[in-house]
Amino acid sequence: MTGAVGAFLTMGGYAGFVWPAYGIAFAVLGGLALFSWRRYRDSAGAVERLERDLGRRR
Amino acid sequence: MINWLANPARFTRLSAQAMPWCGGAAAVALAVGLFWSLVVAPPDYQQGDTVRIMYVHVPAAWMALSVYLFVAVASAVALVWRHPLADIAARAAAPIGAAFTFVCLVTGSLWGKPMWGAWWVWDARLTSVLILFFLYLGYIALANAFDDPARGGRAGAVLALVGVVNLPIIKFSVDWWNTLHQPASVMRVGGPRIAISMLAPLLIMALGFALLFAVLLMLRMRTALNERKAMALRLNAGARRPARRSGERAVSMHTAAP
């Protein structure tokens, strides 16, 4: 591989270390963000449902 | 300021306004930071392109320490003033800090192998950061180990405060002991000793990580407040329903998680 894109991808021969470092950081922090977001959405949904049900029963 | 903010309703309102701004700023900072780190910044004259790992590793390490300090301060506030929002803040922050510490350890390992010839060495800096990771895990486990959340919060808070002794050990480990790890080059007496072409992307990535922490913290705190509110509503719904038999506990139909 040659050219600027090739140099970018091979990282001067250290592609096996640089890319996994960025990949794992992205996976861990992105995974935490996704997990936190889904748990927030579920909790907000539960509160909304409970408030609606309580209002109906009054 | 903290007292004024420490009102759950006010916190919910303010965080709802702050979260989109913080999230947008985090996305911009991380996008600019990634482009700068991977494309614009020059390779190091000794370490070549492996130096690019620094732009993730060092901000993650800064966050690992800062978030632990945040957990400890929130724990102290929760212990002394018994404010529930402080306990919620400490519990919400700990997994984020653990994630940053894990990223710091893994990226450090991936940087150590090509530069030192080893994935891991048991020297002072690496070992003390590994202990920090275990302190985070210990706090999370302890805070959730009791049926009564208040007791778990207090036990976790004590552990978090005892663990603060590890922070100066991590910071000064590279000065106190002989270590493979290089000494501080940014936060040192006499100013940073790093080229501006590398310092700029490092600081932008650090800003992005800090903003990401702020967004995730607010999101997780609001989740905890929602979950407590849902539990109170369920108890309320259970109390309203007349018990069919004496001795039978009133249980809401909505206890099943969605």
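In chain B of this predicted model, the axes of helix H4 (residues 84-116) and helix H5 (residues 124-143) come within 9 Å and cross at roughly 150°. H4(B) is therefore roughly antiparallel to H5(B), a label for angles over 145 degrees. Axes here are lines fitted to C-alpha atoms over the stretch in contact, with angles from 0 to 180 degrees between N-to-C directions, and helices are DSSP runs (H or I, at least four residues).

Residues are numbered from 1 along each chain as its sequence is written, and chains are lettered from A in the order in which they are written. Local features need pLDDT of at least 70, side-chain atom pairs count only at pLDDT 80 or more, and totals for chains, interfaces and linings use all residues.

**The H4(B)–H5(B) contact**
- Among the residues of H4(B) that meet H5(B) are Ala94(B), Gly97(B) and Phe102(B); contact puts C-beta atoms, placed from the backbone, within 7 Å.
- The residues of this contact divide into 15 nonpolar, two polar and one charged.

**The nonpolar core**
- The largest nonpolar core has 74 residues, which are buried Ala, Val, Leu, Ile, Met, Phe, Trp, Tyr and Cys joined through C-beta atoms within 7 Å; buried takes 20 or more other C-beta atoms within 10 Å.
- H4(B) gives the most to this core, with 18 residues.
- Beyond its neighbours within four places in sequence, Val71(B) is in contact with residues including Ala90(B), Tyr139(B) and Ala160(B).

**Where the chains meet**
- The contact takes 31 residues from chain A and 37 residues from chain B.
- On the chain A side, helix H2 (residues 15-57) gives the most, with 27 residues.

How values were computed
Helices (H or I, at least four residues) and strands (E, at least two) are DSSP runs, numbered from the N terminus. Angles under 35 degrees count as roughly parallel, over 145 as roughly antiparallel, 65 to 115 as roughly perpendicular and the rest as oblique. Two residues are in contact if their C-beta atoms, placed from the backbone, lie within 7 Å. Ala, Val, Leu, Ile, Met, Phe, Trp, Tyr, Cys and Pro count as nonpolar, Asp, Glu, Lys and Arg as charged, and the others, Gly among them, as polar. A residue is buried if 20 or more other C-beta atoms lie within 10 Å of its own, exposed if 12 or fewer, and partly exposed in between; C-beta atoms are placed from the backbone.
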